[in-house]
Amino acid sequence: MQGDLTAQAEAFGAPSANGELVFDEPWQGRVLSMAVHLSDRGEFAWDDFRAKLVDEISERPEEGYYVQFLRALEKTLLHGRLLAATEISDRMRVIMHAPHDHIRKN
Amino acid sequence: MDDTPTDMRQVRLRAEALESLLVERGLLMESDIDQVIAQFEQRVGPVNGAKVVARAWTDAEFKLRLLADGTDAIREFRFSGGQVERLVVVENTHVEHNVVVCTLCSCYPWALLGLPPRWYKDPAYRSRIVREPRSVLAEMGLEVPASKRIRVWDSSAEIRYMVLPQRPDGAEALSEKEREALVTRDAMIGVA
């Protein structure tokens, strides 16, 4: 599957220009990669994720594509009980208060 | 996720929290992500930066503006996204070579250069390029003549640097597209 990432990404509608995937920010590439990897591992079915993404896109058309993508991924993980909502917000708090004066993951 | 308006800092934080929890659970390794990213990197490429460089190579007036105020000069390209709060473009000449690093983390002008290469985030590159730039560059395949001064630019939270490579001989005879194809990501970081 990774051999044909662009085709796969385009199949679910990721923005692209001249056949290249377009990321405005690195986290976008990381969440896309997380989703591809987890579905490759069989942690969830790509179609289930895709259905949630389609819902997000139609429910929140004003959001950027990768915000919708991240929300869909998070919902898929919560739905499959791979992660719990509270631990996600707890972890965000921990990272936010970690000492660093730059953007942590670029 | 709740329904409050999207704060991009929160979004980045959320993405980072997910990754960190998934790694902790053993559902993925950071190297898995890096591997997929590496494939994206090949495709995303530094097309925007290349456009800027190709223009500066042939448009002297644009080059002056670019070196004076990078942020302002690239506005006309209307690149989307990308956190270039303040872009400083530094020019390679026959007496000076420039190279960019972020010693504290991995700040990078990704609006122009796409995703940062993995070595850019590597602690070894980040610390050594400052202390011994000439040998690190040589190890990366770039021999800078002893007659040339090397300047190392350390990114900060606000400033992003991009190197304007020297125009190769004969480039002025090429088309704009052909010129763009000559500009590599590594040249704009200053390691090639």
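I began with chain B: of its 192 residues, 49% count as buried (under 20% relative accessible area; exposed is over 50% and partly exposed lies in between, with a 1.4 Å probe and protein chains only). The model is predicted, so I kept in mind that local features need pLDDT of at least 70 and side-chain atom pairs count only at pLDDT 80 or more, while totals for chains, interfaces and linings use all residues. Residues are numbered from 1 along each chain as its sequence is written, chains are lettered from A in the order in which they are written, and side-chain values use heavy atoms, without hydrogens and water.

I then listed the elements of chain B and found eleven helices and four strands (DSSP runs numbered from the N terminus: H or I of at least four residues for helices, E of at least two for strands). Among the chain B contacts with a separation of 6 or more, 68% come from residues 24 or more positions apart; contact means heavy atoms within 4.5 Å.

**Helix α5 of chain A**

I looked up residues 85-96, the twelve residues of α5(A), and read 17 Å from the first C-alpha to the last, close to the expected 16 Å (1.5 Å times one less than the number of residues). Which residues of α5(A) are buried? I noted A:Glu87, A:Ile88, A:Arg91, A:Met92 and A:Ile95. They lie on the same side of α5(A) because they cover an arc of only 140 degrees around the axis, taken from the directions from the helix axis to the C-beta atoms. A:Thr86 and A:Val94 are exposed on the face turned away from that buried side. The buried residues pack against α4 (65-79) of chain A together with α1 (8-25) of chain B.

**Helix α2 of chain A and its partners**

I checked α2(A), residues 26-40, against α4(A): the axes come within 10 Å and cross at roughly 35 degrees (lines fitted to C-alpha atoms over the stretch in contact, with angles from 0 to 180 degrees between N-to-C directions). The residues in this contact include A:Trp27, A:Val31 and A:Leu38 of α2(A) and A:Phe69 and A:Leu73 of α4(A). I sorted the contact residues by class and got twelve nonpolar, one polar and no charged.

Next I took α2(A) with α1(B), where the axes are 10 Å apart at an angle of about 35 degrees. A:Arg30 and A:Met34 of α2(A) are among the contact residues, as are B:Arg12, B:Glu19 and B:Leu22 of α1(B). Here I wrote down nine nonpolar, no polar and three charged residues.

Terms used:
Ala, Val, Leu, Ile, Met, Phe, Trp, Tyr, Cys and Pro count as nonpolar, Asp, Glu, Lys and Arg as charged, and the others, Gly among them, as polar.
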